[in-house]
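Trainee: I am new to this structure and would like a close look at a single part of it. Could you take me slowly through one group of charged side chains and how they are placed?

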Amino acid sequence: MEKAKISVHQLYVLVVFYVVVSAIIIAYGVENKQDAWISTLVGTLGGILLFLMNVKIYSYFPGHSFGEVIQFIFGKWLGKLVTILYMIYFMYLSAFVLRDFSELLRVFAYQNTPMLVISSFMLVAILYTVYKGIEVIARVGEILFTILSIVAIVGVTLLVSSGNVDVHNLLPVLEEGWIPILKSGYHSSVFPFGELIAFMMVYPYLASLKGIKKAAITGIIVGGFIIAFVMVLNITIIGVDLFTRTEYPLLSTFQLVEGKAFLERMDSLFMITSVLGGFFRISILFYATVMCATSIFNVTNYRKLVLPMGIVILFGSVNLAGNFIEFTVNGMFAFTYYVQPPMLLVIPFLLLVVGWFRTRNQSRTKTN
C-alpha cells in the first residue's frame with residue numbers, strides 16, 4: 001500500500017462518479033420500460049446492503065487492503081487464490097469499461113479510427129493518474145466534480161426547456177406490478193452498486209470507519225437518485241420505445257432536441273461528461289487491480305506493475321469481443337449472471353461469516 005490519505009468528501013465524489021457514469025450512458029434498466037427509474041431506486045437499496053456487507057468485512061482488519069483482509073480471513077494460500085480471482089475480476093471490469101467508452105467514442109465521432117488507437121489514448125491518461133496514486137485521483141475528481149455538476153445542471157436545464165418533455169410517457173406507473181421490478185432488483189443492485197467492492201482498496205486511506213460509511217452511503221443514495229432522474233428525463237423526452245431500443249439513451253436524448261438555435265451540439269456536453277466520468281471509473285478499477293497484484297506477488301512498490309498490467313488491460317479490452325453486439329451480450333448477460341454472483345455475493349458472504357468467527361475467537365483468546 002502507498003502512503004496516502006483522502007478525505008471523506010473525496011471518497012463521496014469518487015463513489016458518485018463510479019456509480020453514475022456507466023449507468024446513465026448505457027441501456028440500463030430498459031427491461032422495465034417506463035418503470036426503469038423505480039427499479040433503479042430498488043437497486044439503490046440493494047446496493048446499500050451490499051456496501052454494508054463489504055464495510056463490515058473491512059472492519060475486521062481496518063487499515064489493510066482488500067487482498068490482505070482476504071488472506072487474514074481465509075489464510076495465506078486460499079487467501080492468495082481468492083485474491084487472484086478478484087485481480088482477474090477487476091482486470092476484466094477495467095477492460096470492459098474501457099471498451100465500453102471506446103465504443104461510445106467511436107459511435108459518436110471516430111467511426112473510422114481503430115479501436116486500439118481510441119483505447120490507447122484513454123488508457124495513457126489513466127495509467128499516469130494511477131501511477132501518481134490515489135491522492136491524485138481523488139484531488140482531480142474533487143476539482144472536476146464541481147465543473148461537471150455545473151455542466152450537468154446547464155444540460156438538464158436546456159433539455160427541460162426544449163419543449164420535448166412529455167410526462168405522459170411515464171404512464172402507466174407499475175403497469176405490470178412489482179414482480180418484474182423485484183425480479184430485476186438483482187441486476188440493478190450488482191450494477192453499478194455492487195461493483196463498489198473495488199473501493200475496498202480505497203477505504204484504508206480514510207481516517208475512520210464512520211467516515212467511510214457516511215461518505216459511501218451518501219454517494220450511493222445521491223448516485224441512485226441521479227440515475228433515476230436521468231432515466232425519467234430520457235423516457236419523457238425520447239419515449240419508451242426509443243428508450244428500450246437505443247444502446248445509448250442519454251446520447252439519443254441530447255441528439256433529439258438538437259436543431260433549435262440555442263441547442264446545437266448538445267451531445268458534446270454529453271461526451272465531455274461521459275469521458276471524464278469514465279476516466280474515474282476505470283482509474284478506480286485499475287487501481288484495485290494493481291493493488292490486488294501487489295498483495296499477491298508481495299511487490300513493495302505498486303508502480304512497477306502499472307505499465308505491464310495496463311498493457312494487458314488494453315489488449316484485453318480490444319479483444320473482448322469481435323463486434324458491439326457480442327460485446328453487449330457478454331457484458332449484459334453472461335458476465336452479470338455467471339461471474340458477478342460469486343464475486344459480489346458468495347465470496348463476500350463467506351468472508352463475512354468466516355471473518356466473524358475468526359475475530360470472535362481471537363477476542364476470546366486475548367481475553368483468556
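Mentor: R106 counts as partly exposed, with a relative accessibility of 26%, where buried means under 20% relative accessible area, exposed over 50%, and partly exposed in between, using a 1.4 Å probe and protein chains only. This is a predicted model, in which local features need pLDDT of at least 70 and side-chain atom pairs count only at pLDDT 80 or more, while totals for chains, interfaces and linings use all residues. Residues are numbered from 1 along each chain as its sequence is written, and side-chain values use heavy atoms, with hydrogens and water left out.

Side chains of opposite charge can pair when their charged atoms come close. The side chain of R106 meets that of E103 in a salt bridge at 3.6 Å, N to O, a term that asks for a side-chain nitrogen of Lys or Arg within 4 Å of a carboxyl oxygen of Asp or Glu. Because R106 and E103 are 3 residues apart in helix α4, about one helical turn separates them; helices here are DSSP runs (H or I, at least four residues), numbered from the N terminus.

E103 also forms a salt bridge with R99, at 2.9 Å from N to O, and these two, 4 residues apart in helix α4 (residues 76-108), are again separated by about one helical turn. E103 is buried, with a relative accessible area of 3%, and R99 is buried with a relative accessible area of 3%. Taken together, R99, E103 and R106 are linked in a network of salt bridges.
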